[in-house]
Amino acid sequence: MWAAICDIWQGGKSIIIGHTVTFRNFWRPKITDRYPHSKPEENWQPKPGYRGGFAQLKSDKEDRELRCIACNLCAQACPVGCIHIEGEGKGKERHPVAFYIDMGLCVFCHQCVEACPVDALTMTEEYEISRTSRAGLIRDLDELVAAGEGRQEVSRVV
Ligand code: SF4
Ligand code: SF4
């Protein structure tokens with residue numbers, strides 16, 4: 001008998017607590033964005049630390065020289081093998097002649113970014129990356145360099 005009363009009391013208490021939480025949140029301002037039907041605000045950008053965007057290759061600010069030395073460390077670090085690099089030259093002259101990242105396979109783990117010894121590779125804050133074909137998710141050298149220079153117009157929208 002006593003156990004049944006305790007159960008009823010516990011059940012009633014949890015219903016009251018649950019409804020109190022619902023009632024309180026009912027009056028709070030809505031923070032849900034109906035993305036992509038409506039965007040939160042003009043020129044909205046993800047918060048710092050966002051890592052879900054396309055990749056980019058950085059160039060030095062002064063001479064716009066591509067930082068990448070085609071060492072292949074990022075490709076080796078990638079757990080899904082979605083980076084392909086071909087390099088030319090030796091020592092300081094070494095540079096990539098082909099660089100592909102298949103963003104359709106990428107799991108956005110940032111291991112490639114962390115593996116790079118010269119801070120040449122990073123992710124953009126470009127968050128609208130869906131494409132209508134898998135081929136549209138493969139970034140080549142030109143696109144990676146253009147993204148690093150802030151020239152997004154080279155990006156293919158396929
Ligand atoms: S973020 Fe991860 S999965 Fe994507 S390219 Fe870099 S290492 Fe590969
Ligand atoms: S991006 Fe960095 S790790 Fe990858 S090949 Fe270029 S220098 Fe090496």
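**Close-up views of a predicted model**

**View 1. Strands β3 and β5 pair within the sheet.** Strand β3, which covers residues 95–102, is joined to β5 by two bridges, and the two strands run in the antiparallel sense. Within this predicted model, I101 is placed opposite R139 of β5. Helix α4, made of residues 141–148, packs on the sheet, where it touches β3 and β5, and the direction of α4 makes about 90 degrees with that of β3.

**View 2. The open sheet is built from three strands.** The strands follow one another in the order β2-β3-β5, and their pairing is antiparallel. Because β2 (83–88) and β5 (138–139) stand at the edges with a single partner strand each, one side of each is left without a neighbour in the sheet.

**View 3. A hairpin connects β2 and β3.** The antiparallel strands β2 and β3 are joined by six bridges, and E88 stands opposite H95 in β3. Six residues lie between the two strands of this hairpin, and in the turn G89 has a positive phi of about 90 degrees.

**View 4. Helix α4 contributes several buried residues.** The residues of α4 that are buried are E143, L144, V145, A147 and G148.

**View 5. Fourteen residues surround ligand 1.** Of the 14 residues around ligand 1, the closest are C78, C106, C109, Q111 and C112. By class, the shell around ligand 1 holds twelve nonpolar residues and two polar ones, with no charged residue.

**View 6. Thirteen residues surround ligand 2.** The shell of ligand 2 has 13 residues, and the closest are C68, C71, C74, C116 and L121. Twelve of the residues in the shell around ligand 2 are nonpolar and one is polar, while no charged residue is found there.

View 7. I31 is located in the loop between α1 and β1 (55–57), and because I31 has 6 C-beta neighbours inside 10 Å, where 12 or fewer is the limit for an exposed residue, I31 counts as exposed. I31 and E93 are 62 residues apart along the chain, and their C-alpha atoms are separated by 51 Å.

**View 8. Two loop residues other than glycine have positive phi values.** N72 is not a glycine, yet its phi is positive, near 75 degrees. This residue, N72, lies in the loop between β1 and α2 (73–77), and it counts as partly exposed because it has 15 C-beta neighbours inside 10 Å. D119, which is likewise not a glycine, has a positive phi of about 55 degrees. The loop that holds D119 runs between α3 (111–115) and β4 (121–123), and with 9 C-beta neighbours inside 10 Å D119 counts as exposed.

Terms used
Residues numbered from 1 in each chain as written. Chains lettered and ligands numbered in written order. Predicted model: local features only at pLDDT ≥ 70, side-chain atom pairs only at ≥ 80, totals over all residues. Near = placed C-beta within 6 Å. Nonpolar A, V, L, I, M, F, W, Y, C, P; charged D, E, K, R; others polar. Pairing = 2+ DSSP bridges. Helix = DSSP H or I, 4+ residues; strand = E, 2+ residues; numbered from the N terminus. Contact = placed C-beta atoms within 7 Å. Axes fitted to C-alpha atoms, helices over the stretch in contact; angles between N-to-C directions. Buried ≥ 20, exposed ≤ 12 C-beta atoms within 10 Å, placed from the backbone.
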